[in-house]
Amino acid sequence: MHKTASIFMRNLPPTVTKQDLENICKQYEGFKRVALSDPAADRGFQRRAWLTFDSNVDVKKICWSLQSVKVR
């Protein structure tokens, strides 16, 4: 069984695509995949996202780095 580490994004605008997130995360070592929820009408069509990495990376450091990234 393999272990992974994930970053959860609670409110992602509907204009941000899975491809956008993959392109950003590819620069980080250990990136595996992106999972997006369907837009929720009750939350202004915001979505949720999970960014998955290998367990041996420093997810806290990646999370801090992602805070300064702007998409579109």
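Strands E1 and E3 run antiparallel and are joined by 7 bridges; two strands are taken to pair if DSSP finds at least two bridges between them. Helices (H or I, at least four residues) and strands (E, at least two) are DSSP runs, numbered from the N terminus. The model is predicted, so local features need pLDDT of at least 70 and side-chain atom pairs count only at pLDDT 80 or more, while totals for chains, interfaces and linings use all residues. Residues are numbered from 1 along each chain as its sequence is written, and side-chain values use heavy atoms, with hydrogens and water left out.

In H1 (residues 18-25), Asp20, Leu21, Ile24 and Cys25 are buried, where buried means under 20% relative accessible area, exposed over 50% and partly exposed in between (1.4 Å probe, protein chains only). Viewed down the axis of H1, these buried residues fall within an arc of 125 degrees, so they line one face of the helix; the arc is that of the directions from the helix axis to the C-beta atoms. They pack against strand E1 (4-12), strand E2 (31-36), strand E3 (47-54) and helix H2 (59-66).

In H2, the buried residues are Val59, Ile62 and Leu66. Their arc around the axis is only 60 degrees, which puts them on the same side of H2. On the other side of this helix, Lys60, Lys61 and Trp64 are exposed. The cover over the buried residues of H2 includes E1, H1 and E3.

The largest nonpolar core has 16 residues, of which Ile7, Leu21, Leu51, Phe53, Ile62 and Leu66 touch the most other members. Such a core is a set of buried Ala, Val, Leu, Ile, Met, Phe, Trp, Tyr and Cys residues joined through side-chain atoms within 4.5 Å. E1, H1, E3 and H2 are the elements that give two or more residues to this core. In soluble globular proteins, nonpolar side chains tend to be buried together. Phe53 is buried, with a relative accessible area of 0%. Leaving aside neighbours within four places in sequence, Phe53 is in contact (heavy atoms within 4.5 Å) with residues including Ile7, Cys25, Tyr28 and Ile62.

The structure also holds 2 aromatic pairs. Rings of Phe, Tyr and Trp (its six-membered ring) pair if their centres lie within 6.5 Å; planes under 30 degrees apart count as stacked, over 60 as edge-to-face and the rest as tilted. Phe8 and Trp50 have ring centres 5.3 Å apart and planes at 45 degrees, so the pair is tilted. Phe8 lies in E1 and Trp50 in E3, so this pair ties together parts that are 42 residues apart in sequence. Phe31 and Phe53 form an edge-to-face pair, at 5.7 Å centre to centre and 65 degrees between the planes.

Finally, there is 1 salt bridge, defined as a side-chain nitrogen of Lys or Arg within 4 Å of a carboxyl oxygen of Asp or Glu. In this salt bridge the side chains of Lys32 and Asp54 meet at 3.2 Å, N to O. Lys32 lies in E2 and Asp54 in E3, so the pair ties together parts that are 22 residues apart in sequence.
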